[in-house]
Amino acid sequence: MDLFYVFLFVGLVLFTVLIQFRSGSEELIPASAVTDVDELKRFRVFRSNYLMVFCLMMAGDWLQGPYIYALYEHYGYTVGDIGHFFIMGFGSSMVFGTIVGALADIIGRRNASLAYVATYCLSCVTKHSSRYWVLMLGRMLGGISTSLLFSVFESWLVAEHNRRGFSEALLADTFSKSVFLGAGLVAILSGLAGNVLVEDLKLGPVAPFDAAIVVMLAGGALVLSTWPENYGDPNSHRSLISQLALGMEAIRTDPRIALLGAMQSMFEASMYTFVFLWTPALSPNGEKIPHGLVFSCFMTACMAGSAATSILVRRYPPQKYMGSMYCASALTLGVPLFFHMERREPGFGGSSLVDNGAGGISISGKLQLLAFCGFEACIGIFWPSMMALRARYVPEELRSTIINIFRVPLNLFVCVVLYKVSHFPLSAMFGVCVGMLLACMLCQSHLNSLTLDEKQELPVTQGNMGEPLKRSGLPVNRASVIRAATHHGERAS
């Protein structure tokens with residue numbers, strides 16, 4: 001194996017430790033944000049409880065991701081069949097996920113969190129069957145579960161944080177730590193645990209799914225015993241249709257919410273496209289790459305980004321740096337666009353630049369891998385910062401509803417990409433990603449112009465529906481694309 005991977009991983013680990021140490025050595029928040037020591041102690045207990053639950057739920061998700069494709073192959077399904085399974089997951093998240101997101105605001109976020117545990121556990125149980133329609137049902141349940149994972153826990157946190165009277169400055173810090181732990185450290189540990197179960201203990205490809213059931217049930221027990229219920233609006237008795245209609249109306253009438261939705265959808269669409277494309281981008285001529293180590297590099301870079309966010313949010317509101325983050329993201333994905341544009345090997349140093357012909361990573365592959373790690377660091381900044389912006393501008397009554405409406409264009413785009421990805425060269429796909437990220441930068445600039453007069457430290461959004469709302473290269477082979485997505489983990493299906 002090329003030592004470049006090892007040096008890169010060690011360097012990323014050291015850099016992440018340095019950033020995290022710097023973050024932890026600073027004062028948690030400005031002194032003005034905490035009224036007394038008892039409040040800070042209460043907050044730390046509250047935050048620890050939430051982070052424990054969130055990490056258990058994320059572990060259940062991460063345990064499954066690397067083995068979805070392998071399990072379907074083990075059962076003898078073709079690449080086309082596996083593609084249909086994945087399309088079902090994203091399509092289910094787009095259709096049914098939107099409905100359950102709206103229900104979460106009506107029936108309560110605690111209940112919806114328990115529904116996440118139930119649906120995902122059922123999805124894991126279906127993996128014991130090799131029948132096509134049983135597995136397809138499992139993918140449908142998995143899509144619903146993922147929509148709940150990325151909406152109801154955040155919604156519960158924001159509502160409960162505000163109900164307990166904690167400062168808004170503390171909320172962004174919680175988001176940053178949840179991404180650092182849940183999307184970074186837990187992902188790496190889950191990958192190692194899955195490898196032990198499958199490779200070392202020889203328990204078979206279903207073992208990680210059974211382990212996921214155990215950790216999610218543990219998280220559900222913690223929710224059941226420690227979380228109080230909260231609702232979008234406990235005094236409202238809206239129907240599901242009216243809840244969805246109000247969510248759409250809020251997006252239509254408040255440009256700030258619409259801009260947030262556009263940025264979320266386009267950035268996540270770029271992220272999932274990257275998940276599909278990084279393997280063929282790094283090995284366009286069949287070079288061998290250690291997917292597990294590359295995955296660890298990506299997750300470590302993501303952790304570094306989230307740790308850096310802990311420092312950023314103590315100095316600036318997210319609006320101040322999100323535009324620069326989108327610009328940096330576009331530049332990182334512009335690197336593979338450059339190398340795969342028209343496959344211009346002769347004009348850039350010959351084959352040594354594009355393919356070393358020895359099965360190791362090429363020079364262009366190394367440069368692209370560095371750029372991909374930079375993009376992962378941007379993802380680590382994006383998640384907690386976008387959560388903080390949603391906490392400011394999205395109405396409390398409609399939080400889960402609107403978050404899942406935002407995911408509709410994302411899931412639609414991913415379904416199209418997954419179905420048609422083999423029809424387009426890498427340069428075209430990365431070009432689309434760069435275009436969407438630059439559009440995100442323009443949206444952020446427009447959002448900043450709309451919020452110049454708003455106080456950054458306080459929730460400020462007013463509803464527009466009659467009353468104030470509470471805020472708080474080579475064509476890509478489809479088989480390699482789907483396999484690359486599962487190595488990275490199922491972030492959305």
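Mentor: Let's start with helix α2 (residues 37–64) and helix α8 (residues 168–200), which pack at an angle of about 35° with their axes 8 Å apart. Helices here are DSSP runs of H or I with at least four residues, strands are runs of E with at least two, and both are numbered from the N terminus. Axes are lines fitted to C-alpha atoms, for helices over the stretch in contact, and angles between N-to-C directions run from 0 to 180 degrees.

Trainee: What should I keep in mind about the source?

Mentor: This is a predicted model, so local features need pLDDT of at least 70 and side-chain atom pairs count only at pLDDT 80 or more, while totals for chains, interfaces and linings use all residues. Residues are numbered from 1 along each chain as its sequence is written, and side-chain values use heavy atoms, with hydrogens and water left out.

Trainee: What is the handedness of the crossing of α2 and α8?

Mentor: Right-handed. A crossing is right-handed if the near helix is turned clockwise from the far one by less than a right angle, and left-handed if anticlockwise. By class, the contact of α2 with α8 has 15 nonpolar, five polar and three charged residues. Ala, Val, Leu, Ile, Met, Phe, Trp, Tyr, Cys and Pro count as nonpolar, Asp, Glu, Lys and Arg as charged, and the others, Gly among them, as polar.

Trainee: How do you know the relative direction of α5 and α9?

Mentor: Helix α5 (residues 109–125) and helix α9 (residues 207–226) pack at about 165°, with axes 9 Å apart. That angle makes α5 roughly antiparallel to α9. The crossing of α5 and α9 is left-handed.

Trainee: Which residues of α5 and α9 meet?

Mentor: Among them are R110, L114 and Y120 in α5, and F209, M216 and L224 in α9. Contact means heavy atoms within 4.5 Å.

Trainee: What makes F4 and Y5 an aromatic pair, and of which kind?

Mentor: Their ring centres are 6.3 Å apart, with 70° between the planes, which is edge-to-face. Rings of Phe, Tyr and Trp (its six-membered ring) pair if their centres lie within 6.5 Å, and planes over 60 degrees apart are edge-to-face, under 30 stacked and the rest tilted. The structure holds 30 aromatic pairs.

Trainee: Why does F4 count as buried?

Mentor: F4 has 19% relative accessibility, so it counts as buried. Buried means under 20% relative accessible area, exposed over 50%, and partly exposed in between (1.4 Å probe, protein chains only). Y5 is buried too, because its value is 1%.

Trainee: How do you class L370: buried, partly exposed or exposed?

Mentor: L370 has 41% relative accessibility, so it counts as partly exposed. This residue is in helix α15 (residues 363–393). Leaving aside its neighbours within four places in sequence, L370 is in contact with F4 and L8. L370 and L8 are 362 residues apart in sequence, yet 8.3 Å apart in space, C-alpha to C-alpha.

Technical notes. Parallel < 35°, antiparallel > 145°, perpendicular 65-115°, else oblique.
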